[in-house]
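Hi,

Here is the structure I promised to pass on.

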Amino acid sequence: MNFLKETTMGEVAIGEPNNLQAFETLESNVRLYSRSLPDVFSRARGSVMTTDGGRKVIDFFCGAGALNYGHNNHEIKAAITKYLASDAVVHGLDMATPAKREFMETFNAVILQERGLENYRFQFTGPTGANAVEAALKLSRKITGRQNVISFTHGYHGLSLGAAAVTGGRLFRKSSGVSLSGATFMPYDGYLGPGIDTADYLRKVLLDESSGVDSPAAILVETVQGEGGVNVAGKEWLQSLQAIAKDVEALFIVDDIQMGCGRTGEFFSFEFAGLSPDIVVMSKSLSGYGLPLSMLLIKEGRDAWQSGEHTATFRGNNLALVSATAAVNTFWRSRTFSHAVQDMGELMRHRLDAIASQHGNSFAVRGRGMVLGFDCQIADIAGATTRKAFENGLIIERCGPNDEVVKFLPALTIDLETLNQGIDIFEVSLAETMEQARGA
Ligand SMILES: *Cc1c(COP(=O)(O)O)cnc(C)c1O
């Protein structure tokens, strides 16, 4: 079956057989998504990607959260096209440029001050999320003179050594090839079941001089664990974490790399809990266009760096700063966008709950805003469903410790028709999978 034949997205041509041979023979075995999404993608616009053969597929993965505003957004594209055409500075290390000034002033006024988050400094790090996490950890350790960092079960913070040390996944830890140190993992909210407040445990061990857990430089948390299975932390739990960090004189760091930039319905994923972290880590959708851009927001007074102490060649790339400014101007000057994301999130939740209930009690739906996890409990079910979904015209990926959770990350700018079509494809693909599982 092919849903896309009935959509408004135009004629679906059945193209040439996918030519993935060059990728198989030339690219390292480490490649990942060209395997799970076996086709060659040549164009993309909004929520639809077009393959070399002309097949159109709906994108519910959005570059793992790097494309919250969809592919090739027109307003952002116009800004960077104009910038390139003017011969303005694209690469300038971290020299002062009008593009950087405009980004900082715009972000400060439209995002930070509007939310009462005043007095943050911008640190542009190397372009990956992992590099920004490294910078946050280094800065916390420098400020406190402590080594240990509290991170959480199922947490994901990137794969350079320092970031991998605070990441839970065994595959990633093992492949680092050296012993990873400087982190203590604590149970995330809900890890021990609904009746147990794991923040109480954290508080107890951190205040106990004989608990065996070293005093931490920082408490590092994702408010929703994107890679870890769409685990959602509660408001009170997050507030407790911030309070504990204060009490033990550790920095409170929110890794908002995947959940920031509107994903949960507000610009920052921690706004709903009224938090003011010492450091906020941003990357993925920050540039708004899929260009690499990462930064830390450092609370005034915590900016203990010496000049040049954490540096890199590619920091605050000007083209990415221009697209980031355009994204802020396009989407965040009013609350309209935020409300639309919240409404669409509710709609997604209703539909996924309904799909889950069609299949008895085998599935659980979790999430906040427009990030939802459909927990299949069984990895093979999730895997077969996402494979079929791709055949049926939907890009959707899995997460969780065993890849058992189907993760919904549609563009926040998606139109309702395409959103519903994508969910329809998921629904049918799951039904096909369950049918086959019963037959087997
Ligand atoms: C993706 C991600 C990272 C790592 O970012 P990279 O750009 O892949 O290095 C870190 N933290 C979170 C929460 C992420 O989702």
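Below is what turned up, starting with confidence and ending with a few single residues.

A word on ground rules. This is a predicted model, so to speak of local features I needed pLDDT of at least 70, side-chain atom pairs count only at pLDDT 80 or more, and totals for chains, interfaces and linings use all residues. Residues are numbered from 1 along each chain as its sequence is written, and side-chain values use heavy atoms, with hydrogens and water left out.

**Confidence**

The protein chain has a mean pLDDT (the predictor's confidence in each residue, from 0 to 100) of 95, and 96% of its residues reach 70 or more. The exception to keep in mind is residues 1–16, where pLDDT stays under 50. The model has 31 contacts beyond four places in sequence for that stretch, a contact being heavy atoms within 4.5 Å. Where pLDDT is low, the predicted coordinates should not be read in detail.

**Two helices**

Helices (H or I, at least four residues) and strands (E, at least two) are DSSP runs, numbered from the N terminus. The expected span of a helix is 1.5 Å times one less than its number of residues.

Helix H6 covers residues 129–144, 16 residues in total, and reaches 23 Å from its first C-alpha to its last, close to the expected 22 Å. Its buried residues include Gly-129, Ala-130, Val-133, Glu-134 and Leu-137. Here buried means under 20% relative accessible area, exposed over 50%, and partly exposed in between (1.4 Å probe, protein chains only). Gly-145 follows H6 and has a positive phi, near 70 degrees.

Helix H13 (residues 379–391) has 13 residues and reaches 19 Å, close to the 18 Å expected. Ile-381, Thr-385, Lys-388 and Phe-390 are among its buried residues. The buried residues of H13 pack against strands E1 (41–45), E3 (56–59), E15 (394–395), E16 (397–399) and E17, and against helix H14 (416–439). Just after H13 comes Gly-393, again with a positive phi, this one about 110 degrees.

**Around the ligand**

Which residues surround the ligand? They are Thr-128, Gly-129, Ala-130, Tyr-156, His-157, Gly-158, Glu-222, Asp-255, Ile-257, Gln-258 and Lys-284, each with a heavy atom within 4 Å of it. Ala-130 has a backbone N or O atom 2.8 Å from an oxygen atom of the ligand. From the side chain of Asp-255, an N or O atom lies 2.7 Å from a ligand nitrogen. In the side chain of Gln-258, an N or O atom is 2.8 Å from an oxygen atom of the ligand.

**Salt bridges**

Side chains of opposite charge can pair when their charged atoms come close. I used a side-chain nitrogen of Lys or Arg within 4 Å of a carboxyl oxygen of Asp or Glu as the rule, and the count comes to 12 salt bridges.

Arg-115 and Glu-271 form one at 2.8 Å, N to O. Arg-115 sits in the loop between helix H5 (98–112) and strand E4 (120–124), and Glu-271 in the loop between strands E10 (251–255) and E11 (279–282), so the pair ties together parts that are 156 residues apart in sequence. Both Arg-115 and Glu-271 are buried.

Glu-227 and Lys-407 form another, at 3.0 Å, N to O. Glu-227 is in the loop between strands E8 (224–225) and E9 (231–232) and Lys-407 is in strand E17 (residues 405–408), so this pair ties together parts 180 residues apart in sequence. Glu-227 is partly exposed at 26% relative accessibility, whereas Lys-407 is buried at 1%.

Asp-375 and Arg-366 also pair, with their closest N and O atoms 3.1 Å apart. Asp-375 is buried at 8%, while Arg-366 is partly exposed at 22%. Finally, Arg-121, Glu-300 and Asp-303 are linked in a network of salt bridges.

**Two single residues**

Gln-225 is in strand E8 and is buried, with a relative accessible area of 1%. Its side chain reaches the backbone oxygen of Thr-153 at 2.9 Å. Beyond four places in sequence, Gln-225 touches residues including Phe-152, His-154, Tyr-188 and Asn-231.

Gly-92 lies in the loop between helix H4 (74–85) and H5, and is buried at 2%. The C-alpha atoms of Gly-92 and Asn-318 are separated by 7.5 Å, although these residues are 226 residues apart along the chain.

Cheers

Note on methods:
A polar contact is a pair of N or O atoms within 3.5 Å; within protein, one must be able to donate a hydrogen and the other to accept it, and residues adjacent in sequence count only if both atoms are side-chain atoms.
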